[in-house]
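I set out to record what I looked up in this structure, entry by entry. Each entry opens with what I wished to know.

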Amino acid sequence: MGQPDLFAKRTFAEETERVTAGGAMWQDPPEIRLEKVQADGLLVIRHPGLLAHLPAPWPAAQAYEEIVVELKLAGDHLDMSAVERALLRRQARQVQRVEERAPSWPGETPLWLAAPHVPEWLRQARHPVRFAPGCYTVKPLGRCFVWVAANELPLGVTTPAA
């Protein structure tokens, strides 16, 4: 780790609690072990035009070069952790593709999760939208994040009154 990285992390560690008046604190994250991350399969889209007249979900594949596929059979877990693991495998493939392409790849690798039914917790938490019989779009697909453009922030840091 370089000196600027170390400085930034130390500053966050030392100042976050003071600056937020105890509203937030810095914590070093636990190590995340990823020994093997492998999806069930990939659909490689070779001739997108041939998919246009097929039943759903095939036409939805036309916009992509490949699709990560996760298959859940009857009796498999369809809980939140199973979906989050599938999203992690999709994200791992996304990173792999970005790193394989020079200078960069602005594309997106989608996830198709095939299961016997839509679990009730997913209907409640993510509100899947049906686009064809048996086919749903689920958003935000775990890609929502906050980007802080530090150079655009005001220079003065004020501490809330204690």
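Entry 1. Does E84 count as buried, exposed or partly exposed, and at what relative accessibility? I found E84 to be partly exposed, at 38% relative accessibility. I use buried for under 20% relative accessible area, exposed for over 50% and partly exposed for what lies in between, with a 1.4 Å probe and protein chains only. I note that this is a predicted model, in which local features need pLDDT of at least 70 and side-chain atom pairs count only at pLDDT 80 or more, while totals for chains, interfaces and linings use all residues. Residues are numbered from 1 along each chain as its sequence is written, and side-chain values use heavy atoms, with hydrogens and water left out.

**Entry 2. Overall layout.** I looked up the secondary structure and found 3 helices and 5 strands in the chain. Their order from the N terminus is α-β-β-α-β-α-β-β. The chain has 162 residues, of which 20% count as buried. Its accessible surface is about 12,700 Å², and carbon and sulfur atoms hold 58% of that; the areas come from the Shrake-Rupley method with a 1.4 Å probe, and for residues only the protein chains shown count as cover.

**Entry 3. Salt bridges across the chain.** I took a salt bridge to be a side-chain nitrogen of Lys or Arg within 4 Å of a carboxyl oxygen of Asp or Glu. By this rule I recorded 7 salt bridges. E84 takes part in one with R126, at 3.6 Å from N to O. R126 lies in helix α3 (residues 120-126) and E84 in helix α2, so this pair ties together parts 42 residues apart in sequence. I also recorded a salt bridge between E70 and R89, at 2.8 Å from N to O. That pair links distant parts of the chain, with E70 in strand β2 (residues 66-71) and R89 in helix α2, 19 residues apart. E70 is buried at 1% relative accessible area, and R89 is buried at 17%.

Entry 4. The R93 to E100 bridge has its closest N and O atoms 3.5 Å apart. R93 sits in helix α2 (residues 80-100) and is buried, with a relative accessible area of 15%. Beyond its neighbours within four places in sequence, R93 contacts L42, E66, V68, E100 and T109, where contact means heavy atoms within 4.5 Å.

**Entry 5. Nonpolar cores.** A nonpolar core is a set of buried Ala, Val, Leu, Ile, Met, Phe, Trp, Tyr and Cys residues joined through side-chain atoms within 4.5 Å. The largest has 6 residues: I45, L51, A61, I67, V69 and W112. Apart from it lies another core of 5 residues, including V68, V83, A86 and L87.

**Entry 6. Surface patch.** I32, L34, V37 and L88 form a nonpolar surface patch with about 380 Å² of accessible area together. Patch residues have over 30% relative accessible area and no salt bridge; like charges are joined within 9 Å, and nonpolar side chains (Val, Leu, Ile, Met, Phe, Trp, Tyr) within 5 Å. L34 lies in the loop between α1 (3-19) and β1 (41-44) and is exposed at 51% relative accessible area.

Definitions and conventions
Helices (H or I, at least four residues) and strands (E, at least two) are DSSP runs, numbered from the N terminus.
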